[in-house]
Amino acid sequence: MTSSIRDKQIAALKQMLNLNSPEYKDNGSEPVWKVLIYDRRGQDILSPLIPIKELRECGVTLHLSIHSERDPIPDVAAIYFCMPDQDNLDRIAQDFQNNVYEKYYLNFISAICRQKLEDLASSALQTENVSHVHKIYDQYLNFISLEDELFILSNQNAQSVSYYALNRADAKDTDVEVMMDDTVDGLYSVFVTLGTLPIIRSARGNAAEMVAEKLDKKLRENLRDTRNSLFSSENSGIYNFQRPLLVVLDRNIDMATPLHHTWTYQALVHDVLKLNLNRVTVAQEQKKLKTFDLDPKDSFWITHKGSPFPTVAESIQSELEHLKNSEEEVKQLKESMGLDGESDVALAMMSDNTAKLTSAVNSLPQLLEKKRLIDMHTDLATSILSVIKSRRLDLLFEFEEKVMSQASLDKQILDIINDTEAGTPEDKMRLFIIYYIYTHSISDSDIDMYSSALEKQGCDLSPLKYIKRWKMFSNITTTTTNQYGGGTKSVNMFEKLLSHTSSFVMEGVKNLVVKRHTFPVTRIVDELLENKQSSSTSDEFRYFDPKQLRNSDGFKSKNNFSEVIVFIVGGGNYIEYQNLLEYVRNKAVSPGLPQLKIVYGSTVVNNAPEFLEQLSLLGQELQ
């Protein structure tokens, strides 16, 4: 099985931490002790991938921000992991001046240009540090791997490449150009890390097309430079024969999904608890904040992150019962070991139970770790449950599913807007925007009526102003119909929700059936994979192959792709990510072909409140 993008990035980082030699293996010798210096981008990249314990194992005794006050440490090697921007280069020159470290290993996240490299060399020369600079590397690691099938390009500076930044009224061409170049640089790093050249498909006439064109150009330029090509046969290995399909899409193709009230575990954690770089903070009793790391090695998380929330609650309950039984077994064994040792019966039982107890003691660390993880999921699920109940998210989810699947509605949207218990003002606005996008004809008088009702509930109408303009300019009437099959079947799913101290029981869950559905992004990927596009759809998507001498948009690929990378310019979300994973799970595998693998990437990953806020800013510009 091929390594995931996350595995490859971890391997590249560990090699860097081992002074750019093949990864350190424990052969009884001590690792070389060193200091790690990073900028904000470097911190974002390292944080979800290499915990502090593993940094220690790689010989890193101290890790510091490049712009923090740092005292000189003689006789130590310093690994720098940062962007080659002017601020960082000035700080490195300052470190040379102050003789902060004895050896410098400079690792730039993106390639450093010739001019900046020469400036750095002259700084080293002036401060007599040339012999102390041991290695300078372009690492091409300018992306953040969150999971095996998920990456983003930005986190702490997410606003600079957000949907708002891309679509704001006063965005200059030069600003957009910088954003596109940053995005292309990140995607280029992804393919250098994978060691593979993609075939690129992108929608026409938007930011996605600009990204695809620039990436194609950058890949071609590197291929032409045969001496320094990053995609030579020795670098790309097995990928030479099996190339991935990169599908570049613009956020504007689907504005409803990012606002959707979701029902799967991971997307709910992101929506209501603010998941960031696989870390989530939960307010506990007396408003104490507790932070949890959602580890990709956590089997419960891997199994259930895409499951409907009631299923997750049931599974936590059964896991808790299983743990309780395991603890009871150990307790009973201890009691039986305390029998009178003089009698033959007791001795016979003792020898039999010793083996059992030894086995139980050996499995204790795993048991404790499992208990820690289940306790964490209990805390998360309890927090989510209280939000679901206080905001009636079940009601909003059901209604939106019916709207998006064009099913008949059993309630009027005005009733939900006027229901003071059904969601916050932001929830109501999200619900109405989805209704507005999917309802093809709403009269002006109806719009005024709904707007008045929303305002009475305290809603900010700015996002709706922007969506009205977006809908006017989008070919929305032809694209929303039949793009979302599914919906829900439910009979008051939260009839008997009970919460207990150590765990919680969810009854009435069986009443809820979430049907399979396909979001617009998944539908487009399916059409491109299966070559099912109509001539009009085919014209909408451009074709780029960096290996071809000339690009031919009319070329129709006959490739059977085993890997697809879907990239959203302007921000992605966990709802689309889970939908693509579900699509892969349900896709039939043709005989003799490998299982399809889909990786989802985006400039940033937004939850619905963040995306609504960006729409609000855009709406305010229209006033």
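Modeller: Leu 368 has a relative accessible area of 54%, so it counts as exposed. Bear in mind that this is a predicted model, where local features need pLDDT of at least 70 and side-chain atom pairs need 80 or more, while totals for chains, interfaces and linings use all residues. Residues are numbered from 1 along each chain as its sequence is written, and side-chain values use heavy atoms, with hydrogens and water left out.

Leu 368 belongs to helix H14; helices here are DSSP runs of H or I with at least four residues, strands are runs of E with at least two, and both are numbered from the N terminus. Between Leu 368 and Leu 323 there are 45 residues in sequence, and their C-alpha atoms are 9.3 Å apart.

On a 1 Å grid over the protein atoms alone, a pocket is an open set of points with protein on both sides within 12 Å along at least five of seven lines, whereas in a cavity a 1.4 Å probe fits but cannot get out; lining residues have an atom within 4 Å of a point. Points are joined across faces, edges and corners, and volume is the space filled by probe spheres set on them.

The largest pocket holds about 960 Å³. Its lining runs to 37 residues, and Ser 47, Ile 50, Pro 51, Arg 279 and Asp 293 are the ones nearest the centre. Besides helix H14 (364–391), two or more lining residues each come from helix H1 (5–17), strand S1 (34–38), helix H2 (40–46), helix H3 (52–57) and strand S11 (289–293).

The model has five cavities of 30 Å³ or more, and the largest cavity comes to about 70 Å³. Among the residues lining that cavity are His 260, His 270, Asp 271, Tyr 574 and Asn 607. Helix H10 (265–273) and helix H23 (574–586) each supply at least two lining residues, with H10 giving the most, three.

Conventions
Buried means under 20% relative accessible area, exposed over 50%, partly exposed in between (1.4 Å probe, protein chains only).
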